[in-house]
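User: I want to check the labels on this structure against their cut-offs. Please take me through them one by one.

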Amino acid sequence: MSSKIIVIGSANADLVIHSPKMPRIGETLTGSNFQVNAGGKGLNQAVAIAKLGGNVSFCGCVGNDANGELLLNELKNNDVTFKGFETEEAPTGIAMITVVDGNNFIILDSGANARLTPEVIENYSDLIAECEYCVMQLEIPVETVLKVCEIAKNSDTKIILNPAPYKKIPEILFSQIDYIIPNEHEAHDLTGIYPDSEENTRKAVLKLNQMGVKNVIITLGERGCAYNVGDSVLFKPAIKTEVVDTTSAGDTFIGALVSKLSQNETLNNAIFYATKASAITVSRLGASKSIPYADEIE
């Protein structure tokens with residue numbers, strides 16, 4: 001039986017276009033495959049958890065507009081319980097995504113996501129306290145993340161933070177997080193160590209441990225991931241696959257990991273499962289729609 005999970009975070013409409021290269025200043029290129037997809041790190045992670053067997057609700061904020069309707073339908077269609085709210089004071093968040101050779105370049109307008117303030121979060125204290133896991137990212141205000149950690153401190157709720165996109169976070173936050181899951185760039189921003197070799201990756205993991213986080217998992221793209229079990233740093237290589245679009249790979253990894261942890265799997269087994277799930281995601285186009293279902297992984 002899965003324990004309850006809440007994702008508190010961003011929901012964006014992804015405006016995606018594929019391009020043969022990145023344009024230079026003043027240059028116009030002809031792209032292809034334009035799509036408007038449901039996305040945002042919070043929504044993607046919630047959908048991934050639901051698709052992969054987790055019992056999840058999503059707390060976020062969308063605008064009272066067509067893009068907001070698209071996102072709410074995406075959550076509903078994937079059996080994610082929406083516990084957030086709609087606002088008329090800001091449009092739904094937008095991500096402008098350009099995909100070049102399978103790699104993505106993203107510009108965000110947070111829109112309604114910025115309305116998810118600490119004051120709003122206080123209304124969800126009971127909901128947070130009854131969940132075993134709470135997953136967050138940094139596409140919402142940092143003050144909100146701190147508030148959630150403060151609420152979780154008074155319960156048994158475990159905090160999982162995906163520190164993306166990177167923002168400077170108060171040092172006190174590290175000791176309040178149970179799991180931190182940065183990619184290689186975010187790990188570098190957090191520690192000053194770029195995990196470009198096995199030795200540097202090990203140093204970055206241990207530095208985050210020293211900063212106060214008990215469980216560290218650094219995702220390394222096509223190199224897989226590195227994580228600690230106690231004082232030991234372990235490496236899990238990625239599964240070779242044809243890369244089509246990396247947009248939701250990290251979100252799928254996190255969703256798969258949390259869904260397995262909520263089913264009392266070991267960290268090793270959860271990471272192996274997450275590695276398989278993200279390999280399927282990068283072989284497909286799109287954000288939340290590229291996330292596989294549990295039976296595809298099994």
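Predicted model: local features only at pLDDT ≥ 70, side-chain atom pairs only at ≥ 80, totals over all residues.

User: What makes Lys-260 count as lying over the face of Tyr-273?

Analyst: Lys-260 is 4.4 Å from the ring centre of Tyr-273. A charge sits over a ring if NZ of Lys or CZ of Arg is within 6 Å of the ring centre and within 35 degrees of the ring normal. Lys-260 lies over the face of Tyr-273, so the label applies.

User: Why is the pair of Phe-58 and Phe-82 called stacked?

Analyst: The structure holds one aromatic pair. In that pair, Phe-58 and Phe-82 are 6.4 Å apart centre to centre, with 25 degrees between the planes. Rings of Phe, Tyr and Trp (its six-membered ring) pair if their centres lie within 6.5 Å; planes under 30 degrees apart count as stacked, over 60 as edge-to-face and the rest as tilted. Both values pass, so the pair is stacked.

User: What does the pair tie together?

Analyst: Phe-58 lies in strand β4 and Phe-82 in strand β6, so the pair ties together parts that are 24 residues apart in sequence. Strands (E, at least two residues) and helices (H or I, at least four) are DSSP runs, numbered from the N terminus.

User: How do you know whether Phe-58 is buried or exposed?

Analyst: Buried means under 20% relative accessible area, exposed over 50%, partly exposed in between (1.4 Å probe, protein chains only). Phe-58 has 0% relative accessibility, so this residue counts as buried. Phe-82, at 27%, is partly exposed.

User: Why do β13 and β14 count as paired strands?

Analyst: Two strands pair if DSSP finds at least two bridges between them. Three bridges join β13 to β14, so they pair; they run antiparallel. Thr-219 stands opposite Cys-225 in β14. Strand β12 has two bridges to β13, and these strands run parallel.

User: How does the span of helix α5 compare with the expected one?

Analyst: Helix α5 has twelve residues and reaches 17 Å from its first C-alpha to its last, close to the 16 Å expected. The expected span is 1.5 Å times one less than the number of residues.

Methods
Residues numbered from 1 in each chain as written. Heavy atoms only, no water.
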